[in-house]
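Reader: Hi! Could you walk me through this one while I have it open in my viewer?

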Amino acid sequence: MSYVYIEYNFTVEPLQPGTEILIAELGLTGFESFVETDHGVRCYIQKNKWKEDRLEEVHILSSSEFTIGYTHKEIAPVNWNALWEKNFDPIEVNDV
């Protein structure tokens, strides 16, 4: 079954420990996966589990010690297995 996800792309200053704190708090609100970037973190949550008020639970976003900005977008469902198979280059092994 494919799910529609929402991707949030956060920029964080200072990067550390801000990114670590942000990931920990977002994980508690239902975000499932995280990718650290050079400027912060991208994180993902299933659209059917998202509620607009979730970010109100993330205390670091209102902290004066950090500057955090973000954008978000919807990610269409992808058949990752089919995509992997399409880009897979088999390796031939000959008996010697």
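Reader: Which side chain does Gln-46 meet in a polar contact?
Author: The partner is Glu-32: a polar contact of 2.9 Å joins the two side chains of Gln-46 and Glu-32. A polar contact here is a pair of N or O atoms within 3.5 Å, where within protein one must be able to donate a hydrogen and the other to accept it, and residues adjacent in sequence count only if both atoms are side-chain atoms.

Reader: Before I go on, what should I know about the model and the numbering?
Author: This is a predicted model, with local features needing pLDDT of at least 70 and side-chain atom pairs counting only at pLDDT 80 or more, while totals for chains, interfaces and linings use all residues. Residues are numbered from 1 along each chain as its sequence is written, and side-chain values use heavy atoms, with hydrogens and water left out.

Reader: Thanks! Where is Gln-46 found, and is Gln-46 buried or exposed?
Author: Gln-46 sits in strand β3; helices (H or I, at least four residues) and strands (E, at least two) are DSSP runs, numbered from the N terminus. Its relative accessible area is 8%, so Gln-46 is buried. Buried means under 20% relative accessible area, exposed over 50%, and partly exposed in between, using a 1.4 Å probe and protein chains only.

Reader: And which residues is Gln-46 in contact with?
Author: Leaving aside neighbours within four places in sequence, Gln-46 is in contact with Tyr-3, Val-4, Tyr-5 and Glu-32. Contact means heavy atoms within 4.5 Å.

Reader: Changing topic: how many salt bridges does a search of the whole structure find?
Author: The search finds three. The criterion is a side-chain nitrogen of Lys or Arg within 4 Å of a carboxyl oxygen of Asp or Glu. One of them pairs Arg-42 with Glu-7 at 3.9 Å, N to O. Arg-42 lies in strand β3 and Glu-7 in strand β1, so this pair ties together parts that are 35 residues apart in sequence.

Reader: Is Glu-7 buried or exposed?
Author: Glu-7 is buried, with a relative accessible area of 11%. Arg-42, at 28% relative accessibility, counts as partly exposed. Glu-7 also meets Lys-73 in a salt bridge of 3.8 Å, N to O. Since Glu-7 is in strand β1 and Lys-73 in strand β4, that pair ties together parts 66 residues apart in sequence.

Reader: On to the rings. How many aromatic pairs does the structure hold?
Author: There are six aromatic pairs. Rings of Phe, Tyr and Trp (its six-membered ring) pair if their centres lie within 6.5 Å; planes under 30 degrees apart count as stacked, over 60 as edge-to-face and the rest as tilted. Tyr-8 and Phe-31 have ring centres 5.8 Å apart and planes at 85°, so that pair is edge-to-face. Tyr-8 is in strand β1 (residues 5-13) and Phe-31 in the loop between α1 (15-28) and β2 (33-36), 23 residues apart.

Reader: And how is Tyr-8 placed relative to Trp-50?
Author: Their ring centres are 5.4 Å apart and the planes are at 50°, so the pair of Tyr-8 and Trp-50 is tilted. Trp-50 lies in the loop between β3 (40-46) and β4 (67-75), 42 residues from Tyr-8. Tyr-8, Phe-10, Phe-31, Trp-50 and Tyr-70 form one aromatic cluster.

Reader: Last one, please: which peptide bonds are cis?
Author: The bond from Glu-13 to Pro-14 is cis, with omega near -10°. Another cis peptide bond joins Gln-16 and Pro-17, where omega is about 10°. Pro-14 lies in the loop between β1 and α1, and Pro-17 lies in helix α1.
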